[in-house]
Amino acid sequence: MRRRTLLAASAAGTLSAAGTLLSACAPGRRRASDGRITLRFQSLAWQQESIEANKQLVAEWNATHPDIRVDYVQGSWDSVHDQLLTSFEGGEAPDIIHDATDDLADFAYGGYLADLTDLLPQRLKDEIPPQTWQTATFAGGIHGVPFLQEPRVLIANRGLLERSRVRIPTPERPWSWAEFEDAAKELTRDGTYGVAWPLKEPVSATLNLSLSTGGKVFHRGADGKVTVRFDAADQRVPRVIHDQLGGDRSAARTTLGMGGSDTLPGFFGGKYAMVPLGFSYRQQIVQQAPKGFAWTVLPSPAGPGGDQRQGVSPQTLSIAADSPYQREAARFIDFFLRPPHMVRLARGDWMLPTGLTALRDPALHTRRHGWATGAALAGRLRPAPAQSVRGYPEWKDKVATPALQEYYSGAIGMGELRKRLVEDGNLVLARYQR
């Protein structure tokens, strides 16, 4: 549910040129003759529970702040990057922008997003852990408030799991990657694959899970420029997936071109014992699972020493740099993200809040639907490796996605994968760092 790429060939000129248009195009807008201000809030909420939570909070704000009205504008994850770029260039961006941290870098460096460092109240700054703020910090400035995030987990068929001889992992005692491989092999029997990797978009899962094995991929030098490396620690998780698909065949090859939702019918039908998915997929499972289907949420495998770190790209709220009402917009964000409100948003999106007070809410620690497992993993979440890398969208779409798909299918080996990610990848990133 993410944006499409901004091509490097036009990005440098477009971003720099558009930056000069902001002040020229930004109208003195949305202040009524009686002094009342109207802010536009573009939300990307898409699940019905989430849309309702967002709209309810906007209505509650408007009922208690007659001088600062917020208009709710519905956006879409499928088109948000290009839509925002167009609106920024035209000086018509929403005042308050819902997005995700892996989409902010080009906008932040291009001058489109306000630096929130001096706009946000200390209460909100203290609520969110420093490592989470790092996900939305670019060039020393805060360009978004990270408020919702989701770990990757294993959704497992509880009946198949309990009938097998495998140890059931917990957040306190997760599987190692080797144990996960053994468990997948043990669960592969009688027409059932141990695991189904949905690999239509393989880059995010590969990079973020590789944090547990010490993977990094992107390395920033003393000059501030980023280069790609693909060392042994980066290769551990891809090797596991590759070997499950083409070695012991404990993973179904038919899911190579599938998204997460596409695997659910086979999961419900007993074709796959486990599916690695984002935490929010639990809502679809609750809605779609056949009556009586028993499932459970397991933590993702851990790296050496029980390392359970994984990368995340939290959802964010930002303020447009050309908004004439930045302080008013910051007040709304502070209201919107009060701890009880953050809990409502998290439950609506089936994700975890970033706020420490909200995360302690008992509703997020129930065993029902795996909430407790997710909440236990919150402290292990770190900024995704590509978080602040300019040119990442093109590297991902043009280099990494096809290379990983070919590697996982068996068309190329690890040597060729490394060559493409590093050599071709560094050519892409260099164009953004001249």
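So, strands β1 and β2, residues 68–74 for the second one, run parallel and pair over seven bridges. Keep in mind that this is a predicted model.

How buried is strand β1? Six of its seven residues, in the run 37–43, are buried, so the rest of the structure largely encloses it.

Now for the helix. β1, α2 and β2 together make a β-α-β unit, and that unit is right-handed. Helix α2 covers residues 48–64, and asparagine 62 is part of it. Is asparagine 62 buried or exposed? Its relative accessible area is 18%, and the cut-off for buried is under 20%, so asparagine 62 counts as buried. Setting aside residues up to four places away in sequence, asparagine 62 touches Ile68, Arg69 and Val70.

Last stop, histidine 341, which is in helix α14, residues 339–349. Histidine 341 is buried as well, at 10% relative accessibility. What does its side chain reach at 2.7 Å? That would be the backbone oxygen of phenylalanine 335. And if you skip neighbours within four places in sequence, histidine 341 is in contact with Leu57, Glu60, Phe335 and Phe336.

That's my tour, happy to take questions.

How values were computed:
Residues are numbered from 1 along each chain as its sequence is written. This is a predicted model: local features need pLDDT of at least 70, side-chain atom pairs count only at pLDDT 80 or more; totals for chains, interfaces and linings use all residues. Side-chain values use heavy atoms; hydrogens and water are left out. Helices (H or I, at least four residues) and strands (E, at least two) are DSSP runs, numbered from the N terminus. Buried means under 20% relative accessible area, exposed over 50%, partly exposed in between (1.4 Å probe, protein chains only). Contact means heavy atoms within 4.5 Å. Two strands pair if DSSP finds at least two bridges between them. A crossover is right-handed if, with the strands pointing away from the viewer, the path from the first strand over the helix to the second runs clockwise. A polar contact is a pair of N or O atoms within 3.5 Å; within protein, one must be able to donate a hydrogen and the other to accept it, and residues adjacent in sequence count only if both atoms are side-chain atoms.
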